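I opened my notebook to look into one structure, a step at a time.

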Amino acid sequence: MTRAGPEFRWLLPSAVADPELPGDRAGPRRTVRDWVVDICAFLAAALIGMLTADALDKTPGYSDTLLLVDQMVGAAACCAVWLRRRRPVALAVALAAVSLVAPVASGAFLVALFSLAVHRPFKPVVLAVGVGAVVSSVVQPVLRPDPTTNWLTNAVAGTVLILLAIGWGMLVRSRRQLVVALRERAARAEAEAALRADNAQRLAREAIAREMHDVLAHRLTLLSVHAGALEFRPDAPPAQVARAAGVIRDSAHEALQDLRQIIGVLRSPGEGADDRPQPTLATLDALVAESREAGMEVALDHRIPDTSGVPAATGRNAYRIAQEALTNARKHAPGAEVTVTVTGRPGEGLTIEVRNPAPPGPVPEVPGSGQGLIGLTERAALAGGRLRHGPGPDGSFTVLAWLPWPA
């Protein structure tokens, strides 16, 4: 997923404009703000160096040759400040050694310490170099004493300036890391939201596919059975041909009605309110009668006297399970008698068992076998129930489902 960069990238440091932590990449490409900050850092180092050189020039007994050497070293240190982003550790260590003997380089040394704290983690680099810098601030007045002030004043002032530079740099680094962390968190939240949306779409597609399979497979199986009978029995009596043609016509009509209903729900949640109601447990008798008209031998053992007390969702799931089980029996065990048993009561759950013996003859392999049973297992699990299916030792096949029925 591509994410657009900041709108005003030139106003941000490169470590924030480019989503990487400070110092994680050597030589980041500078933004306009970086160039402005680098110029200001160079000028600040030069200003401090000039003030220090002017103070040394006014010191009695200070030779012009030594002052010239200090100024040249200080100028080189100020120019080295431009390397503070690429080589912050090496620059800070080198300027710490130079500032021991050349006080004019102290401004560049402070800028180097600030950059080191910004671009490198506190432990162990900043801590080690910072301790060395404090030691150098204590040793420097000994090597290059200032006649106008005592050693303690110079050591305390140098230590305070060093600690301020390091602390300021650490504050800047922490703020940059916070911005980068918030940006990464926002990007991760966007990615997770997109993933959740994709997952929701996938689940919706699976639910739609499962519902369409449950609705249309039964109707299309009836069409296939009767069309096959007409194909293999062209010399059948006219009454039988008319009866098969009527079943084909009715099944096709029912399949179109079910398909319109599903498409209507997909188009708009409020559309299709005037369509036929969803099947429930009360319409199980009609399903069995329809299967019998298709030529199946179905025995229904319905032990629930009042189906109106069954929740609508539970009854609809029970109907779909029985419908798919009858469809599978018609495809895989043609000619075998199928027994459908429905039992249950409030508080104990609803049990649907569809069983058929082994088919009397060979059965051709049906493409896509097993997909409907997988969908039924998922449907039962989503409803809070369970479903088991499998062959028996005598060659029979049983689909047994249990669905919750609250008291």
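**Entry 1: a charged cluster**

Is R84 buried or exposed? I looked it up, keeping in mind that this is a predicted model. R84 turns out to be buried, because its relative accessible area is 4%, and the cut-off for buried is under 20%.

Next I wanted to know what R84 pairs with. I found a salt bridge between R84 and D38, with the closest N and O atoms 2.7 Å apart. This pair links distant parts of the chain: R84 sits in the loop between α3 (64-80) and α4 (88-101), while D38 belongs to helix α2 (residues 32-57), 46 residues away.

Then I moved on to R85. R85 also forms a salt bridge with D38, at 3.1 Å from N to O. R85 lies in the loop between α3 and α4 and D38 in helix α2, so this pair ties together parts that are 47 residues apart in sequence. R85 counts as buried too, since its relative accessibility is 7%. I noted that D38, R84 and R85 are linked in a network of salt bridges.

A reminder to myself: side chains of opposite charge can pair when their charged atoms come close.

**Entry 2: other side-chain contacts**

How many salt bridges are there? My count came to five. One of them joins E348 and R345, at 3.7 Å from N to O. I looked up E348, and it counts as exposed because its relative accessibility is 51%, with the cut-off for exposed at over 50%.

I also looked at S291, which lies in helix α9 (residues 284-293). S291 counts as buried, as its relative accessibility is 0%. Its side chain makes a polar contact of 3.4 Å with the side chain of R330.

**Entry 3: helix α3**

I tested the length of α3. With 17 residues at 1.5 Å a residue, α3 should span 24 Å, and its end C-alpha atoms are 24 Å apart, so the two agree.

Which residues of α3 are buried? I listed L67, D70, G74, A77, C78 and A80. Seen down the axis of α3, these buried residues fall within an arc of 150°, so they line one face of the helix. On the face turned away from that buried side I found the exposed residues D64, T65 and M72.

What is the order of the strands in the open sheet? I wrote down β1-β2-β3-β5-β4, five strands with mixed pairing. The edge strands are β1 (297-302) and β4, and each of them pairs on one side only. Neighbouring strands of this sheet are turned by 10° against each other on average, direction ignored.

I then walked through some of the pairings. Strand β2 (residues 337-345) and strand β3 (residues 349-356) pair in the antiparallel sense over seven bridges. Here G344 stands opposite L350 in β3. The two strands β2 and β3 form a hairpin with three residues between them, and G347 in the turn has a positive phi of about 90°.

On to the next neighbour. β3 pairs with strand β5 (residues 397-403), again in the antiparallel sense, over seven bridges. I found L350 opposite L403 in β5, and N356 opposite F397 in β5.

G390 stands opposite T398 in β5, and P391 stands opposite F397 in β5. β4 and β5 also form a hairpin, with five residues between them, and G395 in that turn has a positive phi of about 90°.

One more thing to remember when looking at strands: in a regular strand the side chains alternate between the two faces of the sheet.

Terms used
Residues are numbered from 1 along each chain as its sequence is written. This is a predicted model: local features need pLDDT of at least 70, side-chain atom pairs count only at pLDDT 80 or more; totals for chains, interfaces and linings use all residues. Side-chain values use heavy atoms; hydrogens and water are left out. A salt bridge is a side-chain nitrogen of Lys or Arg within 4 Å of a carboxyl oxygen of Asp or Glu. Helices (H or I, at least four residues) and strands (E, at least two) are DSSP runs, numbered from the N terminus. Buried means under 20% relative accessible area, exposed over 50%, partly exposed in between (1.4 Å probe, protein chains only). A polar contact is a pair of N or O atoms within 3.5 Å; within protein, one must be able to donate a hydrogen and the other to accept it, and residues adjacent in sequence count only if both atoms are side-chain atoms. Two strands pair if DSSP finds at least two bridges between them. The expected span of a helix is 1.5 Å times one less than its number of residues. The arc is that of the directions from the helix axis to the C-beta atoms. Axes are lines fitted to C-alpha atoms, for helices over the stretch in contact, and angles run from 0 to 180 degrees between N-to-C directions.
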